[in-house]
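Hi everyone, thanks for coming. Today I'd like to walk you through the aromatic rings in one structure, so let's bring it up on the screen.

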Amino acid sequence: MRRFFFILSVALLYAYTSSSQTGEFYEISRLPFSSGQYDELAPAYFRQGIVFTSNRRMDILVSRLTDKGENLFNIFYVEKRETGRWRTPELLDRTLKSNYHDGPVSFSADGSRIFFTRNNPGRDNELSKLGIFMADYSDGQWINITPFPHNNENYNLTHPSISADGKTLYFASDMPGG
């Protein structure tokens with residue numbers, strides 16, 4: 001076991017020194033619209049802002065909860081103003097909101113198609129396996145919400161990422177061989 005940690009330490013040290021020799025460093029900081037109180041993940045650029053997935057409350061009076069009392073995940077959008085300041089995050093679109101978890105997302109290169117994760121419709125209002133869904137953007141709204149043909153009630157298909165040319169969809173799954 002010590003040998004494993006030694007090899008891992010050497011590999012990490014090599015990776016660190018190799019990347020630092022290029023002179024490229026990145027600074028990571030929390031964006032001002034981040035709540036710090038809820039889970040916020042999987043940012044994606046869209047139009048003049050960022051789309052992200054969060055279990056933040058949608059408003060003071062309404063909160064969607066799981067049977068364990070946890071907030072459900074939704075797809076939010078926050079736009080950057082011309083002044084450089086960020087607006088308040090809002091739901092990307094109510095038509096993409098289900099009664100269960102929604103998000104993360106990926107967009108086609110031209111922004112006309114969204115690929116997103118959500119719970120497949122379950123039996124007896126139970127949370128079910130996650131699947132990938134698609135919708136088209138037309139006249140300011142998301143239409144034609146359709147399930148990915150390879151969704152399977154026995155496995156989770158999540159975190160879609162469409163290639164730049166729109167021909168390949170990458171995703172995570174717990175399917176055998178995945």
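Let's begin with a group of rings: F46, Y77, F107, Y137 and W142 are joined into a cluster by ring pairs. Please keep in mind that this is a predicted model.

How many aromatic pairs are there? The count comes to 11. One of them brings F33 and W86 together edge-to-face, with 5.1 Å from centre to centre and 65 degrees between the planes. Where do these two sit along the chain? F33 belongs to the loop between α1 (2-21) and β1 (40-46), while W86 is in the loop between β3 (74-79) and β4 (90-91).

F46 is in strand β1 and Y137 is in strand β7 (residues 130-138), so their pairing ties together parts that lie 91 residues apart in sequence.

Are these two buried or partly exposed? F46 has 6% relative accessibility, and buried means under 20%, so F46 counts as buried. Y137, at 28% relative accessibility, counts as partly exposed.

Before I stop, let me show you two rings with a charged neighbour. R56 places its charged end over the ring of F76, at 5.7 Å from the ring's centre. Over the face of F133 you'll find R118, 5.4 Å from the ring centre.

Note on methods:
Residues numbered from 1 in each chain as written. Predicted model: local features only at pLDDT ≥ 70, side-chain atom pairs only at ≥ 80, totals over all residues. Heavy atoms only, no water. Phe/Tyr/Trp six-rings, centres within 6.5 Å; stacked < 30°, edge-to-face > 60°. Helix = DSSP H or I, 4+ residues; strand = E, 2+ residues; numbered from the N terminus. Buried < 20%, exposed > 50% of the residue type's maximum accessible area, 1.4 Å probe, protein only. Lys NZ or Arg CZ within 6 Å of the ring centre and 35° of its normal.
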